[in-house]
Amino acid sequence: MSAHPRVPNPPNLDLSTPPIVKTIGQRSLIIGGVATLIALYIAFTNPTAFFRGYLVSYMDWLGVALGSMAIVMVRHMTGGGWGTVIRRVLGASMRTIPLMILLFIPYAIFGVSRVYPWAMPMDSIANPAIREHLEKHSFILHDYLNYRGFVIRAIIYFAIWFLLQYLLSKFSFEHNKPPFADTSNRFKMVSAPGIILYALTLSFAVIDWVMSLDPSWISTIYGLIFLAGQLISALALAVVIERILFNYEPMKTLLKPNYVHDHGNFMLAFIMVWAYFSFSQWLIMWAGNLPDEITWYFRRLHGGWEYVGLFLVIFHFFVPFFMLLFRYIKRDVTRLVWIASWMLVAHYIDLFWHIEPSFYETFNVTLADIVIPFAMGGIWMWYFCRNLSAAPLVPAYDATAQDVLEHAHE
C-alpha cells in the first residue's frame, strides 16, 4: 500500500474514454476493409510485390506497438505526469501486439520465399553479389539464415513481447478499481529487464526481417536505427491521439501545457537519436570504404533513391529538429500535432528507403506500397481504439497517477 494520501478523482470528471474513439475505430475499420480488398487483389495477381509492400507496412505498424511498449517501460522507470497522461494511449497501442502476431503468420508462410534471397533457389537470385556471397558462405544458410531458424526466432521475439505487454497491462488494469495502491516497484521489476529485452529482441528481429534482405551486408548499429524510429512513431501517434481527445473530457482537463512540452522534448530527443545512429552508421561505412560494406549505401544513393535519402535528411531530421526547438510549438498540442502527424509519414518513408532498394535498383513505388499501409493501418487503428475504449484514460487508483489527477483540481 502506498504511503501517499489518497487523492480522489476530480469532482464531476469522468475518466472514461469519450465516444469519439469508437467512432474513429469504426471508420478505420471501413477504410481498412476497403483497402484490404484491393490488397488481396494484389496478393493474388502479384504476390511478390504484395509481400514486399507488406514487409514495409508491417515493420511500420509493429514499430508503433513496440515503441509504445518501450515508452511505457521508460515511464515506469522514471515516473512523471508526462507519461501518465498518455499511459493508457500507449498501453492500447502496445496491446495490438497480438494482432501483429496474427498478421505475421501469412507473411511467414507465404512471403519468406518471395522476399528473402537466402530462401530462394540459388539460380533465381537476381543480385549477383548476393548470390556469390551465399555460395561462398554457404554455412550461413545452414547455421542461421534458414526457414526453420527464421520461424523459431520469430516465435521467441513475439513470446517475449507478448509477455511484457501482458504483464504491464495486467498490473495497470488492477488500478481501475480499489484498493488505492502504489505498485511502482512491481512495474519496475518488469520494465528494467524489459527495456533490455526489447532492445535485444528488436535488434535480432531487424537482422532477420530486414538486414537479411541483403545477406552480404552487415551493420552492428542497424537495429538501433529502427529502435529510434519506433520511439518516434509511437510518441507521434500518442500526440495525435491526445490532440483528438483534447476536445473532450477528461483529456481537456488532464492535459497540461507542461506535459505537452515534455512530449515535444521527447520527440526532439528521439529524432536526434535517430539522426545520430543513422549518421554514425553512414560515417563508419564511408570511412572504412570496404567493398562488402558500401554496397548497401551505393544502391540507396543511386537510381533515384538518393533523392529519397536527401528527403529524409531534410524532412525527417532538419525541419522537425528546428521546429521543435521553439518552446511555443512544444507547449501547444494544436501545433505539436502537425509535427507528430508528419513524423508518422516520414517514418514510413524511412522504412521504405531501408527496405525497397533491396528489390529495385531504381526508385519504384508499387500500388502495394500505397494500399497495404491503409489496409493494415485501418485494422490496426480499429483494434487500437477497441483497446483504448476498454479502460479509463487514467488509472485512478494508482498512486503514481496522482500527479496528473491532482492538477485536475486546479
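Which helix gives the largest share of the lining of the largest pocket? H17 does, with seven residues. This is a predicted model: local features need pLDDT of at least 70, side-chain atom pairs count only at pLDDT 80 or more, and totals for chains, interfaces and linings use all residues. Residues are numbered from 1 along each chain as its sequence is written, and side-chain values use heavy atoms, without hydrogens and water.

**View 1. The largest pocket holds about 780 Å³ of space.** A pocket is an open set of points on a 1 Å grid over the protein atoms alone, where a 1.4 Å probe fits, with protein on both sides within 12 Å along at least five of seven lines; lining residues have an atom within 4 Å of a point. Volume is the space filled by probe spheres set on the points, which are joined across faces, edges and corners. Of 26 lining residues, Asp60, Trp61, Leu344, Val345 and Phe374 lie nearest the centre. H1 (20–45), H2 (47–78), H10, H16 and H17 (367–388) each supply at least two. The lining comprises 20 nonpolar, four polar and two charged residues.

**View 2. The second largest pocket has a volume of about 440 Å³.** Ser278, Phe279, Trp282, Gly309 and Val313 are the closest to its centre among 19 lining residues. H14 gives the most, seven residues.

**View 3. Helix H14 spans residues 305–323.** Helices are DSSP runs (H or I, at least four residues), numbered from the N terminus. Buried residues (under 20% relative accessible area, 1.4 Å probe, protein chains only) of H14 include Trp305, Leu312 and Phe321.

Methods: Expected span 1.5 Å × (residues − 1). Buried < 20%, exposed > 50% of the residue type's maximum accessible area, 1.4 Å probe, protein only. Nonpolar A, V, L, I, M, F, W, Y, C, P; charged D, E, K, R; others polar.
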